[in-house]
Amino acid sequence: MVRAMYGVMFLGIFLGVTSFSGRVLAGEDRSDDRVYQYVVKSAEGEFDAISAALETTAETAGWQVLSQTDAGVPDGCSYRARVLVLYDAAYAAALMEANRTTGPFAAVDRINLFEDENGTHVSLVNPVCINRTVLMDDEAYRTLSENHLQKLRTMITGAVDGTVSERAYGQERKKGRIGKTMGVMAGGDFIDKLEDELVVADGNLEEVAANVRRGLSETGAEWGMELAYEVSLPDYQTVIFGATGTPMDSKSFDIVKAGSDKSRKPFSCPGLAHAPAYPLEIVVTQEEDGIKVRIINAMFRMKMYFEDAGMWAFMKNMGMPGSIQDELRGQITKYISGS
């Protein structure tokens with residue numbers, strides 16, 4: 001019954017180049033209103049060497065590299081994608097001060113190193129776009145988001161040689177609030193789409209987090225989800241986990257294909273540009289009434305990162321979000337008792 005409900009909701013959801021001088025060529029979509037943004041196209045060097053350079057430069061610039069995860073790819077795809085998850089403690093603290101409940105879901109940065117027929121590229125999840133959703137259109141923090149985007153771009157272009165780009169792709173949104181498809185489905189304020197999968201009234205934060213870690217360390221049977229990273233925010237009594245897996249990611253990429261970026265339609269596996277949609281977040285946090293184990297509703301999160309796939313591409317995959325959430329729920333609650 002629950003999975004069928006998610007399936008109906010899922011169906012409803014999906015009803016230019018710059019140079020190093022900073023000159024932007026005509027035709028490049030530089031909108032801050034899209035979910036993703038290129039930083040470097042046709043990067044110079046071998047894939048693993050670029051990855052290593054990104055890691056070293058990020059650490060030198062003050063980020064903690066939480067994980068480097070090779071994404072799954074659709075069947076027959078000969079190209080690679082690798083997602084680097086970075087953590088800037090000062091930036092995360094600013095988001096937590098902005099909104100302690102929603103802030104954890106934007107606290108890490110995700111960079112995508114991926115290949116296609118035109119070479120190797122670096123893109124990222126655009127914090128300006130995502131933070132508008134997570135912070136619910138609070139304009140007080142737009143400058144924070146814009147400055148962080150530029151900090152990320154400066155770090156990446158300092159690590160990777162190639163053609164600098166500001167081309168945006170993914171779903172375009174003029175505001176953070178995501179509307180409901182057909183007026184009823186899978187939209188609303190971000191805070192209303194957070195779900196407490198478990199509440200431990202008299203629990204200990206470290207013990208609950210340890211049991212979540214233990215559950216996520218066991219690979220999910222259907223979607224292959226498992227622990228990718230963990231970061232603690234002790235000042236806010238919060239621990240953030242990231243989980244991803246195959247075939248969850250590879251199937252997502254096969255579904256979205258080129259998405260909004262029609263220039264990628266000729267490529268053999270265009271969906272790899274969407275790889276930084278994952279890992280997804282699990283937040284364990286201490287509140288007055290207990291320890292909460294919290295996630296984003298799976299349907300809503302799919303809409304955040306893959307809405308540009310379009311309705312028809314997802315008609316045959318209506319049960320996917322509910323199934324993912326079922327698997328994740330089983331993992332994070334397996335070793336914990338609560339309500």
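## Exercises on buried charges and salt bridges

Asp-116 is buried, with a relative accessible area of 5%. The model examined here is predicted.

**Exercise 1.** Determine which residue meets the side chain of Asp-116 in a salt bridge, and where the two residues lie.

*Solution.* The partner is Arg-264, with an N to O distance of 2.7 Å. Asp-116 belongs to strand E4, whereas Arg-264 sits in the loop between helix H7 (248–256) and E11; the pair, 148 residues apart, links distant parts of the chain. Arg-264 has a relative accessible area of 2%. Buried means under 20%, therefore a residue at such a value is classed as buried.

**Exercise 2.** Classify Asp-32 and Arg-142 as buried, partly exposed or exposed.

*Solution.* The two residues form a salt bridge, their closest N and O atoms being 3.6 Å apart. Asp-32 is found in the loop between helix H1 (2–13) and strand E1 (34–41), and Arg-142 in helix H5 (residues 142–159). The relative accessible area of Asp-32 is 23%, and that of Arg-142 is 24%.

**Exercise 3.** Describe the surroundings of Arg-173.

*Solution.* Begin with location: Arg-173 lies in the loop between strand E7 (168–172) and strand E8 (194–200). Finally, examine the contacts: the side chain of Arg-173 reaches the backbone oxygen of Met-304 at 3.1 Å. Residues touched by Arg-173 include Asp-33, Arg-132 and Glu-307. Asp-33 and Arg-132 are themselves among the members of a network of salt bridges, together with Arg-34, Glu-172 and Lys-174.

Notes: Residues are numbered from 1 along each chain as its sequence is written. This is a predicted model: local features need pLDDT of at least 70, side-chain atom pairs count only at pLDDT 80 or more; totals for chains, interfaces and linings use all residues. Side-chain values use heavy atoms; hydrogens and water are left out. Helices (H or I, at least four residues) and strands (E, at least two) are DSSP runs, numbered from the N terminus. A polar contact is a pair of N or O atoms within 3.5 Å; within protein, one must be able to donate a hydrogen and the other to accept it, and residues adjacent in sequence count only if both atoms are side-chain atoms. Contact means heavy atoms within 4.5 Å. A salt bridge is a side-chain nitrogen of Lys or Arg within 4 Å of a carboxyl oxygen of Asp or Glu. Buried means under 20% relative accessible area, exposed over 50%, partly exposed in between (1.4 Å probe, protein chains only). Lists of a residue's contacts leave out its neighbours within four places in sequence.
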